[in-house]
Amino acid sequence: MFVVDKTNLKSFDVIDYIFSKTRLRDKQTNLKTVVSINGEYSTRNYTVFELQNLKGKKQLSKTLPFTPEEALAAESAGIDALNVRYNPERPELAVSIRQAAPQTFMTFAMPMQAATTTSEALSVCFDAMECGADSIMCGTWSLDFIEAAAKAGIPVEGHIGLVPRKSTWTGGLKAVGKTKDQIVNLYSQIRSLENAGAWAVEVEVVPHNITDILAQNTKLVVTSIGSGKADFQFLFAQDILGDGNHFPRHSKQYADFKKIRDELQTQRVAAFKHYISDVNSGLFPTEENLVHATNEVQEFMEKLTGGEDD
């Protein structure tokens with residue numbers, strides 16, 4: 001927030017002053033000033049334009065946080081981008097994650113059942129953009145919906161390979177792209193997404209050497225999850241943090257939050273047992289836990305209750 005002395009400045013001078021300060025700040029922090037579809041100013045580490053220009057030049061990092069705390073930690077660590085699950089009926093979690101990581105490029109991933117018509121698809125996409133999305137993941141949607149959103153000026157991303165909610169079409173939760181027929185289909189999907197106006201695509205659990213060829217033969221910015229190196233490398237936060245009982249082969253754990261959570265639960269149980277024991281034995285509350293009235297108030301209370309007994 002800039003504080004401007006408007007005493008001797010005209011309205012246009014104020015605007016020029018603010019923009020000059022914004023440009024100076026952005027240059028110093030490498031952040032870009034953007035304006036949301038509802039007219040709010042904010043800063044981001046990347047824009048779609050810049051990510052398109054970086055295609056094929058470097059590999060960036062991406063994760064999917066499940067809590068605002070994870071989002072804050074990821075941004076503090078310097079993550080390049082975040083994916084966020086967006087529920088149109090309950091957008092509060094996505095909004096809280098956006099607020100926790102306000103400067104990180106963020107894609108809101110739409111649920112498959114969020115829209116049944118083109119009109120509904122546009123509506124939920126605009127709602128998500130108003131909540132702070134920089135891009136929309138439409139991986140389970142039809143090409144008609146993706147094209148409609150792209151024509152409306154919304155940055156949209158596709159999803160090919162192993163798409164979990166469509167895994168029945170590819171034989172279940174396993175790699176896609178090991179046969180010639182599957183390769184032809186993957187390449188066709190890439191071309192269809194390009195024609196529909198998508199700017200990026202997530203490639204999931206596809207052989208790394210196939211992903212490499214696909215990435216070199218598309219203008220789409222490619223995010224890889226279990227598919228080798230690409231423009232973005234993507235892992236879920238719970239996989240990075242080791243926060244669970246089972247992790248996919250393509251992931252890597254950099255912490256053991258499962259062990260930490262188990263230790264915390266052990267301490268919770270022990271604390272509750274100790275509390276129950278103190279209550280049952282009369283050891284709680286003690287003098288330090290009590291609030292006292294003055295002797296005068298106590299005597300008044302005793303007289304008051306004694307009068308009622310009479």
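The model is a predicted one, in which local features need pLDDT of at least 70 and side-chain atom pairs count only at pLDDT 80 or more, whereas totals for chains, interfaces and linings use all residues. Residues are numbered from 1 along each chain as its sequence is written, and side-chain values use heavy atoms, with hydrogens and water left out.

Lys-166 is placed in the loop between strand E7 (156-161) and helix H7 (180-196), where helices (H or I, at least four residues) and strands (E, at least two) are DSSP runs numbered from the N terminus. When residues up to four places away in sequence are not counted, Lys-166 touches Met-112, Gly-139, Thr-140 and Trp-141, a contact being defined by heavy atoms within 4.5 Å. Of these residues, Met-112 is 54 residues from Lys-166 along the chain, and the two C-alpha atoms are separated by 9.6 Å.

Strand E4 (residues 81-85) is mostly covered, with four of its five residues buried. Strand E3 (residues 60-64) runs parallel to E4 and is joined to it by two bridges, two strands being taken as paired if DSSP finds at least two bridges between them. Within this pairing, Ala-81 of E4 is the bridge partner of Lys-62. Five bridges join E4 to strand E5 (residues 105-109), again in parallel, and here Val-84 stands opposite Phe-108 of E5. The passage of the chain from E4 through helix H4 (residues 92-100) to E5 is a right-handed β-α-β crossover, that is, with the strands pointing away from the viewer, the path from the first strand over the helix to the second runs clockwise. A right-handed β-α-β unit is likewise made by E3, helix H3 (residues 68-77) and E4.

The largest pocket holds about 1100 Å³ of space, and among the 41 residues that line it, Arg-85, Pro-164, Glu-204, Ile-225 and Phe-236 are the closest to its centre. E4, strand E8 (200-204), strand E10 (232-236) and helix H9 (237-241) each supply at least two residues of this lining, the largest share, three residues, coming from E10. The lining of the largest pocket divides into 22 nonpolar, 11 polar and eight charged residues.

Two cavities of 30 Å³ or more are present in the structure. The largest cavity has a volume of about 50 Å³, and of its 13 lining residues the closest to the centre are Lys-62, Phe-105, Glu-157, Trp-199 and Phe-232. Two or more lining residues are given by E4, E5 and strand E9 (221-225), and E4 gives the most, with three. The second largest cavity, with about 30 Å³ of space, is lined by Leu-51, Leu-54, Lys-55, Lys-58, Leu-60, Val-221 and Asp-231.

Methods
Buried means under 20% relative accessible area, exposed over 50%, partly exposed in between (1.4 Å probe, protein chains only). On a 1 Å grid over the protein atoms alone, a cavity is a set of points where a 1.4 Å probe fits but cannot get out, and a pocket is an open set with protein on both sides within 12 Å along at least five of seven lines; lining residues have an atom within 4 Å of a point. Grid points are joined across faces, edges and corners, and a volume is the space filled by probe spheres set on the points. Ala, Val, Leu, Ile, Met, Phe, Trp, Tyr, Cys and Pro count as nonpolar, Asp, Glu, Lys and Arg as charged, and the others, Gly among them, as polar.
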